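Please keep the sequence and the structure in view while reading.

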Amino acid sequence: MGARSVSPHVQEILRHGYLWLFLAALLERIGLPLLVTPVVIAAGAVAGLGDMSLAAIIGITVVASELGDWLWYELGRSRGASVLRILCKISLEPDSCVRKSEDAFGRHTSGALITSKFVFGVGRLAAPVAGLSGMPRRRFLVLNGLGSLIWAACFALVGYIPARKLPIDILIEETLGWLLLLVVVAVIIHVVWKYVQRERFIRSLRVSRISVDEVKGALDRGERPFIVDLRHMLEFVVDPRTVPTAVRISPDELPARNAEIPRDRDIVLYCTCPSEATSAKVAMDLKKIGILKVRPLQGGLKAWQDQGYPMDDFFPKEIAKAAS
C-alpha cells in the first residue's frame, strides 16, 4: 500500500497542530465563542492516522483548559458576581446564560467542575462560580483538572477510535488500557487529596491546641471540660496518674464508647506521643462522627507534669493487677 499523499496546506497544519490545538482550547476557555470540541475530535482522528500523539493531544488540551479556567477562577475570586455577567455577554446564549449557570452550579460547585465541560453554553462558568464561592485554589485545580482530563479523553477517543479502524478485540484491549490509566490517575489524585486534607487538618489542630495553663484555669473556675487520657494500657503500668477528672479511653475503644463523650462540652485530648499525633488522629475520628469541640492538649501529659500541676491516681483493677 502506498504512502498517503498529503497536501502542503495540510502538512503545514499538522506541523503546528499542537500549537493550534493549544490556542483553540485556551481561547475557548478564556471566553471566545469557539467550538473546540470538533477540534479535539479532529485531532483525535489525526492521531488515529498516526500523524499526532493521542496522549499529547489530551495533555495539551487539559493544560490549556486549566490555564483558561484558572484565569476565570481568580477573577471570580477577586471581582465576584460581575465576572458572570461579563462571561454571559460573550457566550453563545447570553439571554439564558446567567440562569443556567445558577441552576447548574449553585448547589453542587464541586461536581459541576467535573461535569460542566459537557454542558453546552455554560461550561466555562463553573470556574468563576468556584472562585466567588470561596473554593480553595488547590481543590479547584484538582477537580477542574480531572474534569478537563475526562472531557478531553472522551472527545479525542471519539475521533481516534474510528480512524484506527481497530478490530473489536484490539479496540477492547486499548479501551481497557485507557480506563485502567484513568482509574490509576483517579486513585493517585484521591490519595494525594486525602493526604493534603489530613495535613491541613493536623495543622488546624495545632493552631487550636489548648495549653495546660488554660485547662488548669478552667478546672479552677469550676468549668467542666471533658478530658480524655489516650495513653496505652502499658503506659498506665509505669504511671497510672492522670490529669484531674480525666477519663481513660483507648483510641481503639472509641467506636464502642463514643456515646460517653458529650457533644455540648469542650473535649480535651492528651497523650504522651510526639507532636500529639494520637490526639490529632482521635480528633479527626471524633469530628467524623459529629463531635466538633475537640482540642488536643499542647505538650501532652508531660507538659502538665512539668508545670507541677496536681494529678489524680487512676487504679482500676486491671492496672493494679498489672502493676503488682
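A disulfide is taken here as a pair of cysteine sulfur atoms within 2.5 Å. By this rule the count in the model, which is a predicted one, comes to 0 disulfides. C271, at 4% relative accessibility, counts as buried.

The overall architecture comes next. The secondary structure of the protein consists of 16 helices and 6 strands. Of its 324 residues, 38% are buried. The protein exposes about 18,100 Å², and 62% of this area is supplied by carbon and sulfur atoms. Among contacts between residues at least 6 apart in sequence, 73% join residues that are at least 24 apart.

In soluble globular proteins, nonpolar side chains tend to be buried together. In this model the largest nonpolar core comprises 20 residues, and I57 and I58 are those with the most contacts inside it. Two or more residues are given to this core by each of the elements α2 (17–30), α3 (36–48), α4 (54–79) and α9. The largest share, 6 residues, comes from α4.

Helix α9, which spans residues 137–164, also holds N144. Is this residue buried or exposed? N144 counts as buried because its relative accessibility is 1%, whereas the limit for that class is 20%. Which residues does N144 touch, if those up to four places away in sequence are not counted? They are S65, E66, D69, L113 and K117. With one of these residues, D69, N144 forms a polar contact between side chains, at 3.1 Å.

A final point concerns the backbone. Most residues other than glycine have a negative phi. T245, a residue other than glycine, has a positive phi, near 70 degrees. Where does T245 lie? T245 is found in the loop between β2 (241–242) and β3 (247–248). At 48% relative accessibility, T245 counts as partly exposed, because only values over 50% are classed as exposed.

Technical notes: Residues are numbered from 1 along each chain as its sequence is written. This is a predicted model: local features need pLDDT of at least 70, side-chain atom pairs count only at pLDDT 80 or more; totals for chains, interfaces and linings use all residues. Side-chain values use heavy atoms; hydrogens and water are left out. Helices (H or I, at least four residues) and strands (E, at least two) are DSSP runs, numbered from the N terminus. Buried means under 20% relative accessible area, exposed over 50%, partly exposed in between (1.4 Å probe, protein chains only). A polar contact is a pair of N or O atoms within 3.5 Å; within protein, one must be able to donate a hydrogen and the other to accept it, and residues adjacent in sequence count only if both atoms are side-chain atoms. Contact means heavy atoms within 4.5 Å. Accessible areas come from the Shrake-Rupley method with a 1.4 Å probe; for residues, only the protein chains shown count as cover. A nonpolar core is a set of buried Ala, Val, Leu, Ile, Met, Phe, Trp, Tyr and Cys residues joined through side-chain atoms within 4.5 Å.
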